[in-house]
Amino acid sequence: MSPLSDSDLERYSRQLVLPEWSGAAQARLKEASVMVVGAGALGSPVLQYLTGAGVGRVGVVDEDTVELSNLPRQPLHFTPDVGANKAESAAAKLGLMNTETIVEPYPARLGRMNAEAMLMNADVVVDCSDSFTTRYTVNDTCCALGTPLVEGGVLGFEGLVMAIKPGESACYRCAFPVEPEEGTVPSCREAGVLGPVAGIVGSMQALEALKLLTGAVPPLLDKFVQVDARTLEHTIVSTSRRPDCEACARVPAATQSH
Amino acid sequence: MTSQTLDLTGVVCPLNWVKAKLALEELDQGDQLTLLLDPGEPVESVPQSAREDGHDVTVEGTRVTIVKQR
């Protein structure tokens, strides 16, 4: 029998009526656990849509505190939250948004030392971090764990989204093998960003995460989408696994497709 | 082949179709699901959704019989 309650059926009715969706897909979401790295401009829409859609457990890791300059593009944080930890601030709103979802805030920094422990219980990881160092750490850790990942980034008016199934499709390091040196690429703070641009990219990340979690629609594997928000032009770029990728080399044998 | 009846009177659109769709998910191809619906929007829209999903649908008043096709 379906584990969905009458209240679930009503809450999720608009996605359940989709021909691509099903009670089974919704039940898979309810059983699923997602970890979102970063509760900022990308993390806000990702967390809102995943919690709203009915993911059973949502973890959110962010060590930063809410700043006044975050508010135009980080709709999970409100003016009175300035000074509060972002993971805690996000969790408070998400708990009100969907009382069926268990939200776990981790007010900590994800780094090489703790990444595996933080991500090991997730069925899918969504990377909403704002540094290349963290991005490569998350990618490498997800490869080592064999955990599907949605990468995303935004810089000025440009954004990128990529879904990854370690051992099956190209990882972030396959697509971008050369890790930029610390400081060589401007951070969001330096480059500037307009809220809705991050909203577009974050919404696409949430969508890809829902595809990975439910199997309702195939995710964008071995490809990434580049968005130019000036013209609203989307470019799908094909990529493929690199035989010499050091991250893919650590994928557990059980998750390898060949 | 089994046959099942679901009373969806008093259940509004699109929740009636959600309940019918989830009931169909539990059935096998060729099984029959009979729905009791309210007149008006429900009896017009639910059979249409069932047909769009590829099932065989017979409407008799507010009684709708669906034979699962896939």
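In this predicted model, chain B and chain A bury about 970 Å² between them, with 66% of that area on carbon and sulfur atoms. On the chain B side, the residues that lose the most area to chain A are B:V18, B:K21 and B:L22, which together make up 40% of what that side buries. The contact itself draws 16 residues from chain A and ten residues from chain B.

Turning to the polar side of the interface, five residue pairs are in polar contact between chain B and chain A, both partners being at pLDDT 80 or more. The side of chain B that touches chain A divides into five nonpolar and five charged residues, with no polar ones. One salt bridge is found across the interface of chain B and chain A. A:D6 and B:K19 form a salt bridge in which the closest N and O atoms are 3.6 Å apart.

A search of the whole structure returns one cavity of 30 Å³ or more, and the largest cavity holds about 50 Å³ of space. Its lining is made up of A:L4, A:D8, A:Y12, A:Q26, A:K30, A:G54, A:V55, A:G56, A:E100 and A:T101. Sorted by class, the lining of this largest cavity has three nonpolar, four polar and three charged residues.

Methods: Residues numbered from 1 in each chain as written. Chains lettered and ligands numbered in written order. Predicted model: local features only at pLDDT ≥ 70, side-chain atom pairs only at ≥ 80, totals over all residues. Heavy atoms only, no water. 1 Å grid on protein atoms, 1.4 Å probe; cavity = no way out; pocket = protein on both sides within 12 Å on 5 of 7 lines; lining within 4 Å. Points joined across faces, edges and corners; volume = space filled by probe spheres on them. Nonpolar A, V, L, I, M, F, W, Y, C, P; charged D, E, K, R; others polar. Contact = heavy atoms within 4.5 Å. Buried area = accessible area lost by both parts, 1.4 Å probe. Salt bridge = Lys/Arg side-chain N within 4 Å of Asp/Glu carboxyl O. Polar contact = N/O pair within 3.5 Å; in protein donor to acceptor, adjacent residues only side chain to side chain.
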